[in-house]
Amino acid sequence: MNYDFTFGHRKSSVHIEQNIPDLGDILAEMKPERAIIVCDTNTAGLAESVRGGAEAEICVLPAGEGAKNWQSIEKILRMAVSAGLGRDGLFAAVGGGVVSDLCAFAASVYKRGAGLVIVSTTLLGMVDAALGGKTGFDMFDIKNFAGTFYPARNVYMPLAALCTLPPREWRSGLAEIIKTLVIDDSFYTTETRGQLLALKGALTGEGTPRTLIDEAARLIGRSVTVKGRIVENDPEERSGERMLLNLGHTFAHALESAAGLGRLSHGEAVAWGLSRACILGVELGCTPVERSESIRAVLEELGYETGSPHPALADGGAFMRALKDDKKKTGGFFRFVFPARRGACIVTMDNDSLDLIEKTSGLI
Ligand SMILES: NC(=O)c1ccc[n+]([C@@H]2O[C@H](COP(=O)([O-])OP(=O)(O)OC[C@H]3O[C@@H](n4cnc5c(N)ncnc54)[C@H](O)[C@@H]3O)[C@@H](O)[C@H]2O)c1
């Protein structure tokens, strides 16, 4: 399955395929002068497969969010220089969202912008991080503190890579799929809910991922279409439409930060945030009760935590501080996205709503 998008003035094509792409084919099509591959310790084997017989050095970073820092950017840039990459050279990311965010940032600043392709190897990477052009790394203890908008020319989503993905990473990616399909309304069809529930085995480790790949492929394709269309309309998050993709994220970011970065996967936090957005949305009259109930039922069936307070939320004060920090970034208002009668809606709230937010989070 191929999807073509235009983000601002840049074209970005997504290829959902069974197998790992071959760098030789990519080089033949894009004709860069030289290429380097960036991966992490868990995707180094996949990076070798991508390289095949082609000539390219491989930059291996430590795995995980802890490596999403300036030192990694410097390591990538150094390798690009020593490999003799010019401005028409190619950076190829092979990994999840951490590797693609880092490699894309490095490509965007290298000689004012070099070529970029992403081979996305996690579910979350495929349905979210690899698509839409946001790049970045963490700094001063702030997630994604520095970044650019720089869409990859080609994004490959090899389904074969999902066969080795641990259940926790499936859980993380599936929560983002649910969020995206709620924004698009396609969540509410019996067919979609059936496809989502069919992936339960991958989340518990009981299913054989290989047998789930077809279901996953349909959901990935749908999510890519929805996210791609939203980003085409608002590539640099200026009109507000791209903010719809933050459904569940205001609660999720505060939970992740109060629980201690890294304790919960991003998707686990998003699932809880989505359930809280349902409750608050109903309270404010934005979310129809039956929509809230059907979203929460699917999240619960898949084993996500939806109750309040969240068991990882030992410090309610830290949670509210994180929410208020988020508010500073959005012009002094809380900006929540709720499931709505159609799709999702963005609602701006001020300090008068603090009690309601605390109540929804189970803190009072
Ligand atoms: N740019 C964006 O728009 C955007 C959107 C959402 C998230 N993100 C970023 O993405 C990051 C999270 O992405 P992620 O969840 O993919 O994390 P990740 O890149 O850390 O990958 C998760 C884990 O899975 C391992 N892994 C990767 N592919 C594998 C495979 N095929 N088999 C087995 N293990 C594999 C990784 O080594 C890592 O340990 C965060 O830094 C987040 O900020 C960016």
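A: Two residues are in contact if their C-beta atoms, placed from the backbone, lie within 7 Å. This is a predicted model, in which local features need pLDDT of at least 70, side-chain atom pairs count only at pLDDT 80 or more, and totals for chains, interfaces and linings use all residues. Residues are numbered from 1 along each chain as its sequence is written.

Q: Which residues of H3 meet which residues of H4?

A: Helices (H or I, at least four residues) and strands (E, at least two) are DSSP runs, numbered from the N terminus. On the side of H3, Ser-72, Ile-73, Ile-76 and Leu-77 take part, and they meet Leu-102, Cys-103, Phe-105 and Ala-106 of H4. This contact comprises 7 nonpolar residues, 1 polar residue and no charged residue (nonpolar: Ala, Val, Leu, Ile, Met, Phe, Trp, Tyr, Cys and Pro; charged: Asp, Glu, Lys and Arg; polar: the others, Gly among them).

Q: At what angle do H3 and H4 pack?

A: Axes are lines fitted to C-alpha atoms, for helices over the stretch in contact, with angles from 0 to 180 degrees between N-to-C directions. Helix H3, residues 70–82, packs against H4 at about 55 degrees, and the two axes are 9 Å apart. The pair H3 and H4 is therefore oblique (under 35 degrees is roughly parallel, over 145 roughly antiparallel, 65 to 115 roughly perpendicular, the rest oblique).

Q: How do the axes of H10 and H11 cross?

A: Helix H10 spans residues 249–259 and helix H11 spans residues 266–283; their axes come within 7 Å and cross at roughly 130 degrees. H10 and H11 are therefore oblique to each other as well. Among the residues of H10 at this contact are Phe-251 and Leu-255, while H11 contributes residues including Trp-272 and Arg-276. By class, the contact of H10 with H11 holds 7 nonpolar, 4 polar and 2 charged residues.

Q: In what order do the strands of the open sheet lie?

A: Two strands pair if DSSP finds at least two bridges between them. The open sheet has 7 strands in the order S1-S2-S9-S6-S5-S3-S4, and its pairing is mixed. S1 and S4 (57–61) are the edge strands, each pairing on one side only. On average, neighbouring strands of this sheet are turned by 20 degrees against each other, direction ignored.

Q: In which sense does S2 pair with S9?

A: S2 and S9 (residues 154–158) are parallel and share 5 bridges, and His-15 stands opposite Tyr-156 of S9. S9 also pairs in the parallel sense with S6 (residues 115–120), over 3 bridges; there, Ile-118 has Val-155 as its bridge partner in S9. By contrast, S1 (residues 2–7) and S2 (residues 10–17) run antiparallel and are joined by 6 bridges. Thr-6 has Lys-11 of S2 as its bridge partner. The hairpin of S1 and S2 has 2 residues between the strands, and Gly-8 takes a positive phi near 65 degrees.

Q: Across which strands does H4 lie?

A: H4 lies across S3, S4, S5 and S6, and runs at about 170 degrees to S5.

Q: Which helices each supply at least two residues of the shell around the ligand?

A: They are H4 (97–109), H5 (123–129) and H6 (167–184). By class, the shell has 7 nonpolar, 14 polar and 7 charged residues. The ligand is surrounded by 28 residues (each with its C-beta atom, placed from the backbone, within 6 Å), and the closest are Asn-42, Gly-96, Gly-97, Thr-122 and Ala-129.
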